[in-house]
Amino acid sequence: MDRLSFLRRLYLLIGLVLLQVLFLNRICLFGYVTPLYYIWMIARFDNSMKRYATLLWAFFLGLTIDLFSGTPGLNAASATLLAMFQPGIVKLFVSMDRHDVVIPGSASMGGRQFMGYLLLLTVLHSTVYFILRSIPLGDWTELILKVIFSTLLTWIFMLVTEYLVAGSARKR
């Protein structure tokens, strides 16, 4: 990984942590809905990154959010698990050669495939996060509502971001 790429990822990590900790963690609509937007960084990992690098970036992203949120390891565990499955999930939605570098997005995957990709990542992350947060498992209805509605809000935030970023890239 070159220095510029490292710095971009570091700035993105810092920005997402600040956004999540200072603003998004304060949102709790109807007692169920909390956007977990920081997974945007993991969703955008390209397939040229080494496996250990994706896991380390995701772990430190989650750990940093845990440190500022008082959630002991929930975000780190969820984010690391998501990073472990992310390359395989990309392959479900994109046909590529071994030498193709794919940065997941609407431009590289197509709109519908990218929407499905983001939805699957968000469902996986939200399910793991809220199961870990709900141990010991008590009220299954509440758990399912949290997973569904937090997934939807996070997914919508990421879609809006993608189409704002893709729209600004097309204007250039």
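The notes that follow take up the aromatic pairs and then the nonpolar surface patch.

This is a predicted model. A search of the whole structure finds six aromatic pairs, and a nonpolar patch on the surface has about 1100 Å² of accessible area in all.

**Aromatic pairs**

- Tyr-37 and Trp-40 form a stacked pair, with 6.5 Å from centre to centre and 5° between the planes, and both of these residues, Tyr-37 and Trp-40, are buried.
- The pair of Tyr-129 and Phe-130 counts as edge-to-face because the ring planes stand at 85°, where over 60 degrees is required, while the ring centres lie 5.0 Å apart.
- Tyr-129 is buried, and Phe-130 is buried as well.
- One aromatic cluster is formed by Phe-93, Phe-114 and Tyr-117.

**Nonpolar surface patch**

- The patch is made up of Ile-131, Leu-132, Ile-135, Leu-137, Trp-140, Ile-144, Ile-148, Phe-149, Leu-152, Ile-156, Val-160 and Leu-164.
- Two elements, α6 (111–133) and α7 (140–171), each give two or more residues to this nonpolar patch, and the one that gives the most is α7, with eight residues.
- Ile-135, a member of the patch, is located in the loop between α6 and α7.
- Ile-135 has a relative accessibility of 55% and therefore counts as exposed, since the cut-off for that class is over 50%.

Key: Residues numbered from 1 in each chain as written. Predicted model: local features only at pLDDT ≥ 70, side-chain atom pairs only at ≥ 80, totals over all residues. Heavy atoms only, no water. Phe/Tyr/Trp six-rings, centres within 6.5 Å; stacked < 30°, edge-to-face > 60°. Buried < 20%, exposed > 50% of the residue type's maximum accessible area, 1.4 Å probe, protein only. Patch = residues over 30% accessible without salt bridge, like charges linked within 9 Å, V, L, I, M, F, W, Y side chains within 5 Å. Areas by Shrake-Rupley, 256 points an atom, 1.4 Å probe, with all protein chains shown as cover. Salt bridge = Lys/Arg side-chain N within 4 Å of Asp/Glu carboxyl O. Helix = DSSP H or I, 4+ residues; strand = E, 2+ residues; numbered from the N terminus.
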